[in-house]
Amino acid sequence: MLTGSMPALITPFRNGELDLETLKKLVEWHIGEGTNGFVPVGTTGESPTLTHAEHETVIETVVKATAGRVPVIAGAGSNNTVEAIRFVQFAEKVGADAALVVTPYYNKPTQRGMIAHFTALHDCADIPIVIYNIPSRSVVDMTPETMAELAKLPRIVGVKDATGDLARVCDTRLACGPDFVQMSGEDATAHGFNAQGGVGCISVTANVAPGLLAKMQAATRAGDYAAALEIQDKLMPLHKAIFTEPGLIGAKYAMSKLGLCSDEVRLPHMALTDETKALVDAGLAHAGLL
């Protein structure tokens with residue numbers, strides 16, 4: 001169920017407020033482009049600057065708009081276990097297919113603390129949980145050994161791995177077993193990630209180029225890594241350009257160039273510099289999107 005190209009959905013704004021009509025249109029556009037699932041209200045969805053009410057509104061809107069056509073993995077992370085429980089239970093209540101839970105950021109728990117945190121979330125609802133391991137943002141790294149302990153729980157089903165370490169895919173596969181779902185959280189290494197045993201990517205660039213990334217993921221699933229590499233070569237300048245500044249800003253700017261949504265972000269994020277805009281424009285042109 002959880003495989004292929006899944007955009008880490010941006011949250012569109014208009015005049016500082018949620019733009020839900022545009023969000024619904026994006027869901028339809030993505031499905032038409034071949035997107036395999038959605039991950040709303042992750043970091044790319046600007047979860048740190050959404051209120052709890054807005055967070056829940058976005059999740060429910062995406063679940064309803066998707067209407068069961070592809071899976072929805074609801075962003076449900078927090079460094080506060082009580083808050084994360086609320087988000088996981090809400091995701092289950094509105095019909096999301098799984099919850100994405102980031103390793104607790106800022107308070108730097110031990111491996112033992114992370115086991116306790118994720119066990120509490122596992123036990124609070126009947127929805128599958130995907131661990132989001134992103135040491136560059138959370139400052140803690142869940143080891144494969146810790147993940148293996150959590151994988152013994154029936155509803156801890158996989159990981160979004162944003163370590164950028166392709167050897168980690170093999171280590172996790174050996175520790176957690178081949179059925180443990182591993183999805184890349186880094187566009188630039190997604191091709192190699194699947195070659196090592198991954199099954200997909202929760203992607204920022206898929207907000208901009210969903211059709212190309214769905215085709216790339218399909219090619220890797222078919223074992224045609226040469227065809228997948230051709231697409232990766234087309235998209236690599238765009239991947240790099242989008243992440244020159246925080247990825248959600250680059251993605252929104254690129255989408256605005258394609259007429260999909262506004263490039264509006266919330267502070268402390270700001271609009272791209274002119275230099276970065278030029279890089280994104282060049283990346284779009286290289287990919288054949290402009």
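E21 and K24 sit three residues apart in helix α1 (residues 20-33), so about one helical turn separates them. Helices here are DSSP runs of H or I with at least four residues, and strands are E runs of at least two, numbered from the N terminus. E21 and K24 form a salt bridge, with their closest N and O atoms 3.2 Å apart. The term means a side-chain nitrogen of Lys or Arg within 4 Å of a carboxyl oxygen of Asp or Glu. E21 is partly exposed at 48% relative accessibility. K24 is partly exposed too, at 37%. The classes are buried (under 20% relative accessible area), exposed (over 50%) and partly exposed (in between), with a 1.4 Å probe and protein chains only.

This is a predicted model: local features need pLDDT of at least 70, side-chain atom pairs count only at pLDDT 80 or more, and totals for chains, interfaces and linings use all residues. Residues are numbered from 1 along each chain as its sequence is written, and side-chain values use heavy atoms, without hydrogens or water.

E54 and R266 meet through their side chains in a salt bridge of 2.9 Å, N to O. E54 belongs to helix α2 (residues 52-66), while R266 lies in the loop between α11 (247-257) and α12 (274-286), so the contact ties together parts 212 residues apart in sequence. E54 is buried at 12% relative accessibility. R266 is buried as well, at 17%.

K152 and E149 make another salt bridge, at 2.9 Å from N to O. K152 is exposed, at 62% relative accessibility. E149 is partly exposed, at 41%. The count by this rule is 10 salt bridges.
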